[in-house]
Amino acid sequence: ATAETSVVAFLLFKTDEAVRYLSLIDPSHFRNHYRAKIVRVALQHYRRDGVITPELVIEESREWIGDEQVDRYWSEATEVWSFGIFKCVTSFRIALDAVRNRAMKAGVSDLLKTVGRELESGDIDLDQARGRLQELTGGQSVRHDSDETLANVIDRIDDDDEGQKIPTGIGWWDRLFHGGAMERGHIMVVAAPPGGGKSALALQVTLGVLTKDEESVGIWAMGEMTPKQLARRSLACVSGMPLSLLERGEDSLSGAQLDRKQRSLNTIREVGKRLRFIQPPITPQTIEDAIAQHGATWLVVDYLQLVRPVRASSSRREEVDQVVRELARITKQHNIAAFVISNMPKGDGSRRDIFSAFKESSEIEYCADLAFVGEREEESEIGQLEDAEITWRMLKNRHGPIRNARTLFQAPSQRFVEIIGG
C-alpha cells in the first residue's frame, strides 16, 4: 500500500517530475481499485490537457469512486507526502518499480515506510535515506526506454516470452500464429459479412482461452447480443449439440444427451466465472476500467462500430478511427490480447486487401497486429439450421507469415472445424 500511495502522491504533488515517467505508470498494476482510478483520471488529464492539476483530478475522481473514498485516499497521499523521503525521485522510482513488480511490492513498501519514519525522526538525513534505499534494494530502479540496450533485451528474452502466449487448444486456430498461439499485447481485427460467424468464432476462441489457462480472465464488450444469448451459444459450442435441441425440454433428450448437456453446463459454470460482460453504452474508458478492475488478459469487442468514441465527430470514419487507436493503446498498455469484431457491408465482394475489407477505418491498417476476413461462396446470411464453408483469410500479420484457414461453420452448434484436404 505504501508503494502505491507514494506513486499517487508523487503524481499529484510533484507533477513536473512525475510526467517524465508517465509511460511507466499503468493503473492496471495497482492492486487497490480506488488508487488505480485516481491514477487513471490523472493520466487522462495529462493526455487531454498536457498538465495534471491535482484539484481537478480529485474532483473528477469523486464522480467515479465517491466523496468518502476520494477523501480517504487524498488524506493517505497527503500523509505519505509529509515524509521527506517520498519527495525524492529515487524513492518514487523504487516505489514505481514495486508497483510494477508485485512480487517485491510488500518488501519495498515496508522499506519505504521504515526509511520515511527514520527520516522524519531525524535519525538519518535525505541523502542517507536515498543511499539506504538504493543499497537495500540492490540499486533497483525503474528504467527509461532509453536505458534499454540490445544486450539487456537478449538476456531476458526467454523470460519476457514466458506467459505471453495465449493458446486456445483449437489446433487449426493456434497454427495460424507465429509460435503456435496469439500473444498478449496484440490486437486482432476480424471481419465478415452479416451472419458470417464472427461472434461464434470469437466465442469459441474465448472459451478455448479460458479453458486452456485457468488463470486467464476475459472481458466481453457486447454491443448486440445479450448475456442470455451468449450463454445459450456457449452451451451449444461446448456441448456440440444444436441450439434447437438444447432448447427442448429434458423429456425430449436421451440419457446420453442429458449427461452431455450437464457436463457442458458444469464446464461453462467453471470457466464462466472468469468471463466478464460489459453492456452498452460501451466506450474505450469502460473497457479499460473493466480490464484494470479484473486483471483481464483477454478482450472481445463485439463489435467495433458499436463502441462510442472518445470525442464526437461529424465524420463517422474519424469516430471509428478514434476507437481503433484507443483499443490499440489499451491492448499494449495493459498487455492483453484483443479480438475485435468489425462489421462488413452485406454483398461487398472486394475483400482481398485490408483497405477494402475495413472501409470504415483507415487506422486498422496501421494499428492492428493481425487482421482476418471471413469469406464464403454465397452471400446469403447463414441460418441456425445450416452449415457453411468459411475461409478465414489473413490480410495482415505484423509478427509472422500470412496463413489462411478453411473451415466448416457448424451453425447449429455455433463452432468451427477445420476442413482438411479437397
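Helices and strands are taken here as DSSP runs, numbered from the N terminus. On this basis, Arg263 and Asp259 of the predicted model both belong to helix 15, where a spacing of four residues sets them about one turn of the helix apart. The two side chains form a salt bridge whose closest N and O atoms are separated by 2.9 Å. Both partners fall in the intermediate class of accessibility: Arg263 is partly exposed, with a relative accessible area of 49%, and Asp259 is likewise partly exposed, at 40%.

Helix 15, which spans residues 255-271, also packs against helix 13, formed by residues 227-239; the two axes approach to within 9 Å and cross at roughly 120°. The crossing of helix 13 and helix 15 is right-handed. On the side of helix 13, the contact involves Ser234, Leu235, Val238 and Ser239, which meet Arg260, Lys261, Ser264, Leu265, Thr267 and Ile268 of helix 15. By residue class, this contact consists of four nonpolar, four polar and two charged residues.

Across the whole structure, a search identifies 22 salt bridges. One of these joins Glu4 to Arg35, with 2.8 Å between the closest N and O atoms. Glu4 is located in helix 1 (residues 2-13) and Arg35 in helix 3 (residues 33-49), so this pair ties together parts of the chain that are 31 residues apart in sequence. Both side chains of this bridge lie under the 20% cut-off for burial: Glu4 is buried, with a relative accessible area of 2%, and Arg35 is buried at 8%.

A further salt bridge connects Arg398 with Asp369, the closest N and O atoms being 3.0 Å apart. This pair links distant parts of the chain, 29 residues apart: Arg398 occupies the loop between strand 9 (387-397) and strand 10 (405-410), while Asp369 is placed in the loop between helix 19 (364-367) and strand 8 (370-375). Arg398 is partly exposed, with a relative accessible area of 40%, whereas Asp369 is buried, with a value of 2%.

Key
Residues numbered from 1 in each chain as written. Predicted model: local features only at pLDDT ≥ 70, side-chain atom pairs only at ≥ 80, totals over all residues. Heavy atoms only, no water. Axes fitted to C-alpha atoms, helices over the stretch in contact; angles between N-to-C directions. Helix = DSSP H or I, 4+ residues; strand = E, 2+ residues; numbered from the N terminus. Left-handed = near helix turned anticlockwise from the far one by under 90°. Contact = heavy atoms within 4.5 Å. Nonpolar A, V, L, I, M, F, W, Y, C, P; charged D, E, K, R; others polar. Salt bridge = Lys/Arg side-chain N within 4 Å of Asp/Glu carboxyl O. Buried < 20%, exposed > 50% of the residue type's maximum accessible area, 1.4 Å probe, protein only.
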